[in-house]
Every structure is written in C-alpha cells, then in structure tokens.
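Here is a short walk through one protein model. Have a look at the structure first, then follow the paragraphs below.

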Amino acid sequence: MKCALLLATTVVSLACMAPGLPAVAETPVAARPAARMPLSRAEILTLAERVADYQLATMAGGEFPQNAALGTSDMKGWVQGALFVGLTALADHSDKPHFRQVILSRGVANKWELGRRLYHADDHVIGQSYLWAYRQGAGPQAIAPLKASFDQILAHPSQDDLIHHEYSAPGGAGCDERWCWCDAIFMAPPTWLQLAQATGDRRYRDFAVKEFFATTDMLYDKEEHLYYRDSRFFERRDPNGRKVFWSRGDGWVLAGLARMIPYLPKGDADRTRMETIFREMSAKLKTIQKPDGFWSPSLLSDPKTALPESSGTAFYVFGLAWGAKAGLLDRATYEPTIRRGWAALVSAVHEDGKFGYVQPISDRPDAVGYDDTQYYGVGAFLLAATAVADLGLEPARVPTKGAKRRR
C-alpha cells in the first residue's frame, strides 16, 4: 500500500486515507520561472547531469527526500527502479562514465535480482536497468534471474481479475498479481518486451501484449482518451463533478507506451493499436496543458488554478518528444507543447540540481510544492531531458523590432 507508507504527516497522507475525492489547494502557488531555458544538446545534457549528480550524491550520503515512503530505500523497488530507468537514458547520452558505472554497480549489488514479489509489476521495473546492462556487455548473468522469474510467471500465470479494492481492505488491492493499476504499464511490460528482444523468445512479448491490452480494456476511457488510475476511480468525481485522471498515472502510461512501441515491429497489429492509443492520449494532453507549461495533478481540473506538478509533466514531455522524433506525432503541431513543458521542467530545477514540484508517493492527485522531490521524478526528468536533447529544438525566433510583417 503505497499511500499508507508515507513517513510524514502531510496533506498527501490525509488524501491517501480518504477513499473519496482528491485534495485541492485553495491558493495554488505559481510555478517559478526558469532563468534561462537550455535548448542545445550540450546545455540540456549538462543540466540533466547536474540533476542526476545531485540525486546520486544525496543517495550516497544516505539522505532521503521529505515525505519519502518506507519503500524508497529498497534498491530493487519501483521508486529507485524508475530513477534507474532515467539513468540508463542519461548514460546513453552522456560522456560521463560514472552514470554507466552506477547502473552496473547497482546490478551487481542486487545480484541482478528483481524485487521480492514475483508477480508485482512494481518489482519488475528495476529489470529494465539489468537489460540495459546486458546490452552494454554485462553478460548473461545480468538477465538470468530476471528470465527465471518471468519463466515462473509464464508457467503459473495469475488468475486475478482486474478489479482494484481499497488498500485498507482485507487482502489489500486484491489484484496486484496482474496489471490492474495504470502505473504498472511503465513498470512491467517494457521489461517483458525488452527481454523478448534480448532472448528472441516470443513468449515474453505475447504475455506483455496480452496483459497490456487487458489493462487498457479495463482502464482506458475512450471518450477522454485517458487512463483511470484503477477501477476505484470509475465513478469518482472531483468537487466540480469532473472525472479524476491522475497526472502521474497517465504519465506512467504515455511513457510506458513510448518504451514499449519500439520493441514491436513496424506494421505489427499490436504496435499499430498501441500507436493509436499513444496518438489519442497525446492529442488530449495537448489540449489540457496548463498555461505555465505543467499539467495539473488532476488532469481535467481548472488549468488556471491547479498546482504545478513535475513528475507527470516530465513523463509527458518525454513521451511527446519521443513521439515527435519517431514520426508518430506531427512535430509542428506538438513542438510548442513540448517547449512549454520543457520550460516548466527547467523551472523546477533548484540551483543545486534538486528537482522540485514532484508530488509525493500516492495513488491520486494531491498537494505538491517547489521543495518536493522523489527519485522517480528525477528518473522522469532524465527521460524528458534526453528526449528533448534528441529532438534538437532551435531557439525561438524573436521578431526584429520594426520589421515589416509579411502578408
């Protein structure tokens, strides 16, 4: 139960205990403007390295973010696993060797093992860093425990349904041996698809696709083109009667799709269906971006009054930038959205490299502030930064004073 594990007494913990509507701030704080938005590849990577180095330094010193959950210290868990996904992207782009070494060292320290829960998607995400290490020459031992775990799942697939119960209910969620919450789309299926590519074994691919579409059939709202966090939210509404779609939850999905689609062959029917969902979500997200470049913690809330939140925003910037680069999205249409989102993310970076405005661990929209950070938010930022660097944005043109307007 992610919510119950919060260490500090905050608005977040209050919202986690309440099974009803998300908390909203009465007087939102405006996002801080960035001093200067880096656009060149070198500038973007320098900023990404500074953010990553800050996080790695605090981890090495034993410092945890405020409002951290008990599972934050788990070196095989999802909180750190999502950070390591971002570190793999940075290691692919940076010429600084220590990012690569950190990933390899974590795998060795973990004995290349997944988390303790065999079926739980949250305990699969760290496997994506092991697969990266395998591709970097770490050897077959880097994926041997991962393969053994997934083979057990294939031999004995879960018979859970996808109905999500309250975490406080007897037995908890009751469905977490399947992907019954939208976060799982980032955590598990990209790991399965990458393992299929690494081994040439189609069984991992088929399992990932089947389970992804089962989750999608359950949680994807075909009218709003957004995913509910889980089945508990189907009938819930915010104080103004709007459906509740959690920004980071849908961020997990869009980023998960961006990390799944490349591992399916072009023209494949399953890939085509995923691409359709990706485009539908992207089009919706473009229309609901806040004026300050962030997306609201509750996506359909009033963008003029909603708090800035960076983890969902980072996943969206990553997904949209990747989609524009891959040709799934029209670049001219989406580049303004990406630029505004990137500027918002830059404004969340503190002078020392701390990445702020990250909503603490929860399962729904909640309060967030400039000083809030979490490991998974940094992972999302690193994904966004490297994708924007790949896009090659040019500085915005400023009309020359007195220039004649073309007709």
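A disulfide is a pair of cysteine sulfur atoms within 2.5 Å. By that rule, the count here is one disulfide. This is a predicted model, where local features need pLDDT of at least 70, side-chain atom pairs count only at pLDDT 80 or more, and totals for chains, interfaces and linings use all residues. Residues are numbered from 1 along each chain as its sequence is written, and side-chain values use heavy atoms, with hydrogens and water left out.

Start with the disulfide. Its partners are Cys175 and Cys180, with an S to S distance of 2.0 Å. In general, a disulfide is a covalent bond between the sulfur atoms of two cysteines. The link of Cys175 and Cys180 is right-handed, with 65° about the S-S bond. Are these cysteines buried or exposed? Buried means under 20% relative accessible area, exposed means over 50%, and partly exposed lies in between (1.4 Å probe, protein chains only). Cys175 is buried, because its relative accessibility is 0%. Cys180 is buried too, with a relative accessible area of 1%. Cys182 also counts as buried, at 0% relative accessibility.

Now turn to the helices. Helices (H or I, at least four residues) and strands (E, at least two) are DSSP runs, numbered from the N terminus. Take helix α2 (residues 41–60) and helix α3 (residues 78–93): their axes come within 11 Å and cross at roughly 140°. Axes are lines fitted to C-alpha atoms, for helices over the stretch in contact, and angles run from 0 to 180 degrees between N-to-C directions. Angles under 35 degrees count as roughly parallel, over 145 as roughly antiparallel, 65 to 115 as roughly perpendicular, and the rest as oblique. So α2 and α3 are oblique to each other.

Which residues of α2 and α3 meet? Contact means heavy atoms within 4.5 Å. Leu45, Ala48 and Leu56 are among those in α2, and Leu83, Leu87 and Leu90 are among those in α3.

A second pair lies further along the chain. The axes of helix α13 (residues 331–347) and helix α14 (residues 375–391) come within 11 Å and cross at roughly 135°. Therefore α13 and α14 are oblique to each other. In α13, Arg331, Ile338, Trp342 and Leu345 meet Phe381, Ala384, Ala385, Val388 and Leu391 of α14.

Last, find Ala283 in helix α11 (residues 269–287). Ala283 is partly exposed, at 36% relative accessible area. Ala283 and Leu329 are 46 residues apart in sequence and 9.1 Å apart in space, C-alpha to C-alpha.
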